[in-house]
Structures are given as structure tokens and as C-alpha cells.
Amino acid sequence: MTTTDPRTVVIRYVEAVRDGDADVIYDSFAADATWHYPGDLPISKTWHGRDAIVNDFLGGMGPILVPGSMTIELVGTIAEGDRVVAEWTSKADTVFGTVYDNRCIGVYTVRDGRITSVVEYSDTRHVAAALFPGYEAPVLARPVQAP
């Protein structure tokens with residue numbers, strides 16, 4: 001790590017994902033970091049620890065995406081103290097013949113030059129259609145009965 005400035009740490013991380021720099025990606029996270037991906041998708045949960053985040057969550061997308069097709073563009077960041085909000089676009093072709101094209105936001109917490117937590121927001125309906133075709137989300141709403 002060359003800096004502990006939270007905005008710089010997050011930008012460096014997003015650029016490492018864009019560039020496929022596995023060492024910088026791994027080094028960007030604290031050992032006990034968490035990544036929360038809301039929703040009801042197969043990947044929706046809180047991922048605990050750098051190894052689970054990098055190898056299982058981020059790395060788990062590898063077999064779904066056509067090699068070399070992923071592009072990431074950082075749209076912008078807003079920083080306040082140790083929290084950084086980053087907005088980016090992700091595009092890739094999938095092995096299912098679909099196109100993943102999503103605009104995402106992550107709320108990052110950075111301490112001592114490492115990402116300690118992330119909460120990511122994206123269009124989960126698009127994620128389901130592009131990355132998990134055939135996945136049927138559980139029905140969460142219950143019918144309301146008229147009085």
C-alpha cells in the first residue's frame with residue numbers, strides 16, 4: 001500500500017479490478033473485511049474475510065464471464081472521512097450468451113489503507129437475468145387481504 005487516503009484506496013482497487021491486477025485487489029482488503037451484496041440472488045449475502053471476498057465472491061464470477069470481455073469504468077467517487085461511495089459500470093459477455101451491463105454503487109469503509117467493508121448496490125434483476133438465467137427468486141411478498 002502506498003497511501004491510506006480512503007478515496008485513493010478505493011480508486012486504486014476499482015482500477016485494479018479493471019486491469020485484472022490480482023495482487024492489488026487482494027492487498028486492497030483488510031484480512032477481516034466484509035462485503036454485503038443485498039438481494040435474493042445466489043451471491044446475495046455478507047461475505048466475510050478477504051479470502052472469501054476475493055476468491056469466492058469476486059473470483060466466482062470468472063467462470064460465468066467470457067474471458068477478456070469484462071470492462072469496468074469508474075464513474076466517480078464521493079468521500080467523507082473513512083467512507084467512500086464509488087459508482088462504476090461493469091460490462092461483459094457471459095457464457096450463457098447474455099450481456100452483463102450494469103451500473104453499480106459501492107459504499108466502502110477504509111481504515112489504515114485497507115477496505116474493511118463494502119455494501120454494493122446494483123440492478124439485481126439484471127444480474128439475475130444476465131448472470132443467473134433460469135434462477136427463480138423466492139417470493140418475498142405476501143398477498144394483502146382486503147378488509
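User: How many bridges pair β5 with strand β6?

Analyst: This is a predicted model. In it, β5 and β6 (residues 114-121) run antiparallel. Val107 stands opposite Val119 of β6. The bridges pairing β5 and β6 number seven.

User: Which residue in the turn of the β5 and β6 hairpin has a positive phi?

Analyst: Two residues lie between β5 and β6 in this hairpin.

User: How many bridges join β4 to strand β5?

Analyst: β5 covers residues 99-111, and β4 and β5 run antiparallel. Lys91 has Asp101 in β5 as its bridge partner. The hairpin of β4 and β5 has five residues between the strands, and Gly97 there takes a positive phi near 85°. The number of bridges joining β4 to β5 is 11.

User: Is Ser90 buried or exposed?

Analyst: Ser90 sits in strand β4, residues 83-93. Its contacts beyond four places in sequence are Met70, Thr71, Ile72, Tyr100, Asp101 and Asn102. The relative accessible area of Ser90 is 6%. The cut-off for buried is under 20%, so Ser90 is buried.

User: With which side chain does the side chain of Ser90 make a polar contact?

Analyst: Ser90 belongs to strand β4. The polar contact runs from side chain to side chain, at 3.2 Å. The partner of Ser90 is Trp88.

Definitions and conventions:
Residues numbered from 1 in each chain as written. Predicted model: local features only at pLDDT ≥ 70, side-chain atom pairs only at ≥ 80, totals over all residues. Heavy atoms only, no water. Helix = DSSP H or I, 4+ residues; strand = E, 2+ residues; numbered from the N terminus. Buried < 20%, exposed > 50% of the residue type's maximum accessible area, 1.4 Å probe, protein only. Polar contact = N/O pair within 3.5 Å; in protein donor to acceptor, adjacent residues only side chain to side chain. Contact = heavy atoms within 4.5 Å. Pairing = 2+ DSSP bridges.
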